[in-house]
Amino acid sequence: MAAIIGKTRNEFKILSYRWIFFNDKPIPKKYCDALDSVYEGLSQQINKIKAESKLWFRLQSLESSIWVETAKTLPFPSLIRHDQLIFEPQWKNLAIERIQNAYRKNGMKVTLD
């Protein structure tokens, strides 16, 4: 995405926060065109959500519900800290599998470590 609009990765990240995640206005056309060239129709979907509610709030709510609901189903004690689970090392593989499955159920693929 950064290369498409002629920005560095860090510049694009800042623009993403400014125009996509933490702004209630529609994404400017220049950035819509770049998004749609990689993910067809994505900018329209984002702008629709932004017109109806706060995108950042919906995304953070989804993320937190994934982590909290998954932690409640684990067969071992754990603590949640934002998007981290803290637990004894022997449970790492099971915890990663459960979190990845929870994201998959929401149509997302994540890499965790």
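A pocket is an open set of points on a 1 Å grid over the protein atoms alone, with protein on both sides within 12 Å along at least five of seven lines; lining residues have an atom within 4 Å of a point. This is a predicted model, in which local features need pLDDT of at least 70, side-chain atom pairs count only at pLDDT 80 or more, and totals for chains, interfaces and linings use all residues. Residues are numbered from 1 along each chain as its sequence is written, and side-chain values use heavy atoms, leaving out hydrogens and water.

**View 1. The largest pocket.** About 500 Å³ of space lies here (a volume is the space filled by probe spheres set on the points, which are joined across faces, edges and corners). The lining has 13 residues; Ile-20, Phe-21, Leu-35, Leu-42 and Ile-46 lie nearest the centre. H1, helix H3 (42-52) and helix H4 (55-73) each supply at least two lining residues (helices are DSSP runs of H or I, at least four residues, numbered from the N terminus). By class, the lining has 11 nonpolar, 2 polar and no charged residues (Ala, Val, Leu, Ile, Met, Phe, Trp, Tyr, Cys and Pro count as nonpolar, Asp, Glu, Lys and Arg as charged, the others, Gly among them, as polar).

**View 2. The second largest pocket.** Its volume is about 260 Å³. Among the lining residues are Arg-9, Lys-13, Trp-56 and Glu-63. H1 and H4 each give two or more residues. H1 has the largest share, 6 residues. The lining divides into 6 nonpolar, 2 polar and 3 charged residues.

**View 3. The largest cavity.** A cavity is a set of points where a 1.4 Å probe fits but cannot get out. The structure holds 1 cavity of 30 Å³ or more. About 50 Å³ of space lies in the largest cavity. Met-1, Trp-19 and Tyr-31 are among its lining residues. H1 gives the most to this lining, with 5 residues. The lining has 9 nonpolar residues, 1 polar and no charged.

**View 4. The largest nonpolar core.** This core has 12 residues, including Ala-2, Phe-12, Cys-32 and Leu-55 (a core is a set of buried Ala, Val, Leu, Ile, Met, Phe, Trp, Tyr and Cys residues joined through side-chain atoms within 4.5 Å; buried means under 20% relative accessible area with a 1.4 Å probe, protein chains only). Helix H1 (9-21) and helix H2 (29-38) each supply at least two core residues. H2 gives the most, with 4 residues. A second, separate core of 10 residues includes Leu-74, Phe-76, Leu-85 and Ile-99.

How values were computed. Buried means under 20% relative accessible area, exposed over 50%, partly exposed in between (1.4 Å probe, protein chains only).
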